[in-house]
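Subject: Handing over a structure, with notes

Dear colleague,

I am passing a structure on to you and would be glad if you read the notes below with it open beside you.

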Amino acid sequence: MTSGFPDGYFKRPTVARVQDHLDGGTDNYLPDRDFARNLIAAAPWLAASVRVNRAHGPRVLNCLTLEYGIDQVIDLGCGLPHDDNRNVPDEVRRMGYVDASPRIEAHARMVLAERHGTASLRTDLEDTPALMAAGPIARPDRGRPIGVLHDVLPWTGDETAHTALSALRSWLPSGSVLSIIHATTDTAPEAMTSLTRLYARAGIGFRPRPGQQIRDLPRSWTPPEADGSVTTASWRHPPRLHPHWAPSHAYAILASPGDRTS
């Protein structure tokens, strides 16, 4: 370990830096760009998909604040800062950014968490007890609803995903809303298989799932909307933010822990 970063951290691709490159960012290195070229060769639509899915985050954040009246939010797997998530709505009083990567947490601390009412945390989703007890997570007022943005399930195994969602459901107060973005094999299944293999060769677990499996992940939760799961490209009839608003190859799901008073 050197300066808090794992050995070889800058010599191999990481998910956040690769996605940053695909989204036109500059917080990436040659291994990330080389790896991204291989990914795009397998899935030429990947860069457009990343852009659409990243644009979904601020849109769902506005939904949580304006439609559900939620003013405290936790972003699990926040990723590297980019234009879309540098500006948090004024309605959000508390915002916690969480990521397992030391570099991402450092970026979040410097760039995102400088706003009053925000904080950052480095922890792994697999260590659920530490996650629930950590300051930025324990600090929100659990007497009022909390919003959770969750974009890491495609990078976790089934057991970790179910354990984390179960812990969140038990911990969140009534009226809270969980937003899930999850890559799916329902569209372009052969390309998704190729992407999974490429990530595996790089030592990265990528687990796009069929739509039914994605819907089953929060099966004990309550869907607050009748639509269930829709793609991030079609959720709430998005504006045409990009010249080619392409299929996102990912589903968007909102889920609630249910009424704790009954």
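Predicted model: local features only at pLDDT ≥ 70, side-chain atom pairs only at ≥ 80, totals over all residues.

Residues are numbered from 1 along each chain as its sequence is written, and side-chain values use heavy atoms, with hydrogens and water left out.

Salt bridges

Side chains of opposite charge can pair when their charged atoms come close. Counting as a salt bridge any side-chain nitrogen of Lys or Arg within 4 Å of a carboxyl oxygen of Asp or Glu, a search of the whole structure finds 8 of them.

One of these joins E67 to R236, with the closest N and O atoms 2.6 Å apart. Because E67 lies in the loop between α3 (46-66) and β1 (72-76) and R236 in the loop between β6 (230-231) and β7 (250-255), the pair ties together parts that are 169 residues apart in sequence. The helices and strands named here are DSSP runs, numbered from the N terminus (helices: H or I, at least four residues; strands: E, at least two). R236 counts as partly exposed, at 33% relative accessibility, where buried means under 20% relative accessible area, exposed over 50%, and partly exposed in between (1.4 Å probe, protein chains only).

Another salt bridge is formed by D71 and R93, whose closest N and O atoms are 3.0 Å apart. D71 lies in the loop between α3 and β1 and R93 in the loop between β1 and β2 (94-99), so this pair ties together parts that are 22 residues apart in sequence. D71 is buried, at 14% relative accessibility, whereas R93 is partly exposed, at 43%. Both residues also belong to a network of salt bridges that links D71, R93, D141 and R144.

D158 and R209 meet in a salt bridge as well, at 2.7 Å from N to O. Since D158 lies in helix α7 (residues 158-171) and R209 in the loop between α8 (189-201) and α9 (211-216), the pair ties together parts that are 51 residues apart in sequence. Here D158 is partly exposed, with a relative accessible area of 44%, while R209 is buried, at 3%.

Helices α1 and α2

Helix α1 (residues 15-22) packs with helix α2 (residues 30-42) at an angle of about 70°, their axes lying 9 Å apart. The axes are lines fitted to C-alpha atoms, for helices over the stretch in contact, and angles run from 0 to 180 degrees between N-to-C directions. That angle makes α1 roughly perpendicular to α2, a term that covers 65 to 115 degrees, with angles under 35 counted as roughly parallel, over 145 as roughly antiparallel and the rest as oblique. The contact (heavy atoms within 4.5 Å) is made by R17, V18, H21 and L22 of α1 and by D32, R33, F35, A36, L39 and I40 of α2.

Positive phi values

A188, which is not a glycine, has a positive phi near 50°. A188 is placed in the loop between β5 (177-183) and α8, and is partly exposed, at 27% relative accessibility. H249, likewise not a glycine, has a positive phi of about 60°; H249 lies in the loop between β6 and β7 and is buried, with a relative accessible area of 9%.
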